[in-house]
Amino acid sequence: MLGRKIGFKLTFGVVLTVLLAIGIFAFFNIQSESKSLLTEVERHANQLSEAVKSDTEYDMLHNDRERIHESIRRIGKQESIDRIRVFNKSGEIIYSSDSTEIGKMVDKKAESCYRCHLAGKPLDRLEKQERTRVFRPYQDSSRLLGIINPIYNSRSCWTAACHAHPQTQTVLGVLDVTIPLIEVDRNIRRSQVAIVIFAVSAILILSLIVGFMVRWWIDRPVKELLTAMTHVAGGNLAHRVEVNRDDELGMLARSFNNMTESLAQARLQLFQSDKLASLGRLAAGVAHEINNPLTAVLTYSSYLLKRSQGQAETCDDLQVIVSETIRCREIVKSLLDFARQTVPKKRKADVNEIIGRAALVIENQLALGRVRLVMDLDATLPKVTVDANQIQQVFINLMVNASDAIGENNGSIEITSKAISLHPKGVLQIKRALCRKRHDLVDRRVQIDSKPAISMRFRKKKHSGIIHLNPMYGSDEHRLNDMPALEEDVELLCPDCSTSLIAEGELCPKCSSPIYAFEVPLKGLVQGCLHNGCGWHRWEQVDSGWNDEFVEVRVADDGCGIPKSQVPKLFEPFATTKGQKGTGLGLAVTWGIVDNHNGTITVESEVGVGTSFIIRIPVGS
Amino acid sequence: MSLAQDILVIDDEPMVTQAVVKVCRAEGMTVTAVDSACRALRCLQENKFRLVLCDIMMHELDGFQFIEELVRRGIQTPVVMMTGYSTVEIAVKSLSATGVVDYISKPFTADELLTVILRSLRCSMLLDEAESVCLPSNGSMSYVPCPADYYRFGYVSWVLMEDEGTARIGVSDLFLRAAEGIRGFELSVPGEELVQGTPCAVAISMDGSAHGIMCPMGGKILEANVDAQSTPSVVEKDPYFRGWLYRILPPNPESDLRWLSL
């Protein structure tokens, strides 16, 4: 389990590397330190040996053996010297600091002799560095350093009065000094221990620090990502990773969040289109089944109406049957239209009149629920170009919803109409946007405020991605996927053909940043500033030829209100707040109709206080 | 000819055929009702009818198979298609089929039904006359057919493709004559989007009936003929040139043209 963790692997790798490095360092350090200590002792021994040699030289020339004995014994007594011996040519110990040895013969193979006597013929000369040797006299004794100093024949020797040495002899004897290495060895061991302690503590501290860093910088964020992925894999697309860092893992987390968001949106879209598809099938079935009985009702009632001209009362009743059956026909048709998103049949019409007709239709329902209907209609309202049947449907839907919200609480519905003027910014939705090669930039898969967004590809140095702009004209909102400030050196491209969308040679008149531009078919060029927060937009054809006249109708009730959490989903098909009572289609159809009239519909609601739907429809040409 | 009945109505829903029979008989027409296309074929073999009113969604033989069978058997009685599953595709397919003179979607009022039936009866009469007279040189043609290069949408409307990618659309002379005397036109406004197979304008005849003119090609209205609106006689006298209705910008004329004939 532990071996499978990335943090453990990383820590283990780093610790192993450190272990190797410090181990090699410690090894060579100990080696070189022992070597330099030994060299120092060697130098010291050499000096000592030369000192003994020169000290005894005079006595040797005068053949004063007693004085030589005395000198060697005196010097050999020093603590830092093991012993001093002098061999003659034949290997007999003639002087020694240990007087018991004097007169003993030493074999050529003894450790003090074999260096010169290794080859059959003894060496005449021995180089300085070859004179020393390190050895243990017994298996378990401490080490000793021996230095042999050959005593060469010289003129003063063979001319001396004692005539002890002939001229032909090269080496007269050997001075052998041995020094104990016990102190040196102790020093070496001490430094070995120190280095091992250093190495172990360094490795321990390093692994602790590395382990902590790996845990903090890698293990934890990776673990969080892993948890998030498990959540998402399990279908919880609302899960987000908390991002509070700027490194690659932070970027990964941000990208992951963006991906999850897109995925959630795509799923919602799929879900919605799936619902729409089943709605379409349902509508087709319903249309066929309902239209046949409706044909009989409508044909007979309209036939009766024709025949009963002159009987005012019957005529009026039949007129209601005929017009209501026609309304049924339009409802069935609007079901089909909603699924197929066909265009409305628009004529000039008086909105007040449409409201009146709608009110007439549900008068009875309101009376039954003891709901008061208050109308405050502006008599000077301009005529609007609308599909009267569809707009009537909108008002009926809203009034039925209002009366359902009031329930049995004896509330009231207030309908007000007035003419208003609106600036195109924030009202007009860009429904098609073309690049220079006429690819549509509107991406139906991504929605901002439930409107298909305008998508552009950006490239800035190493960063690239898709920007989604809010399609409302004048809106400054855009959704970016991890990107730095847009202003300079940025390329904006059509996602389909990579044509540049930057307006060449033009700068924002407000902040002099570069601007983007795209074409709306038959409605000219839309331009906008790239600087985040500037918000400059221009749509010449709309700005100059905009008819700012709108008709606003407000349908307000003092019913139960809609919880805030349900407001964003209100206009989705099959989203109902009425439980089993509703189909969840009313507001979806309403939204579709208003949108098809280039109008807007908004909600203001407070639980326990009431709900207002505000519809704004352009008066049009 | 005097022995011929006026109408044969086919629908597998008895409530519908009964209603149609009642309305038509009240207007003095002779009507036979059958509940399947197979029975209708037998009826047509034995009797003569001036018009067939046929439902589309039926068991056994559906409306489209029925008209194919008529063509195979050489029966030239004009057909009005009706359906409760009224989609643009079905409307377009119906109107462009051989032998079909008109289309009506269910449910309809008695007046709407009568308007379509009376217009179709006159249309069938005009077509008959044109075939029997067959003397183009004497100028007594009962109606003026579409000029060459004009695409025809059934017997209702026409399209003329223009060089700039725009198209001019209008109503056929046969339709106007069958509607008998137009009092005025209700046209849509420029900027609106037209869809092939849906009514794009309404012609009001002298008796006050509203005749929906089915749009031959979809697209955005660039211009509506103001002359047609102010002086409807322009359209009646010269329906193919000065009497055009709209100039439109079709987004994909090729797919719409498949349903039209030259």
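Guide: The account below begins with the model itself, turns to the contact between the chains, and ends with the backbone.

This is a predicted model, in which local features need pLDDT of at least 70, side-chain atom pairs count only at pLDDT 80 or more, and totals for chains, interfaces and linings use all residues. Residues are numbered from 1 along each chain as its sequence is written, while chains are lettered from A and ligands numbered from 1 in the order in which they are written.

For the complex, the predictor gives an ipTM of 0.86 and a pTM of 0.48. The average pLDDT (the predictor's confidence in each residue, from 0 to 100) is 86 in chain B, where 95% of the residues score at least 70. Residues 135–140 of chain B stay under 50.

Chain A contains 10 helices and 21 strands; these are DSSP runs numbered from the N terminus, helices being H or I of at least four residues and strands E of at least two. Of its 621 residues, 26% are buried, that is, with 20 or more other C-beta atoms within 10 Å of their own; 12 or fewer makes a residue exposed, anything in between partly exposed, and C-beta atoms are placed from the backbone.

At the interface, 24 residues of chain A are in contact with 24 residues of chain B, a contact being two residues whose C-beta atoms, placed from the backbone, lie within 7 Å. On the chain A side, α5 (248–307) and α6 (312–340) each supply at least two residues. The most comes from α5(A), with 15 residues. By class, this side of chain A has 11 nonpolar, 10 polar and 3 charged residues; Ala, Val, Leu, Ile, Met, Phe, Trp, Tyr, Cys and Pro count as nonpolar, Asp, Glu, Lys and Arg as charged, and the others, Gly among them, as polar.

The backbone also deserves attention. Most residues other than glycine have a negative phi, and most peptide bonds are trans. A:S512, not a glycine, has a positive phi of about 60 degrees; A:S512 lies in the loop between β15 (502–507) and β16 (514–520) of chain A and is exposed, with 12 other C-beta atoms within 10 Å. In chain B, the phi of B:E60 is positive, near 55 degrees. B:E60 is placed in the loop between β3 (49–55) and α3 (63–73). A cis peptide bond, with omega about -5 degrees, joins B:K106 and B:P107.
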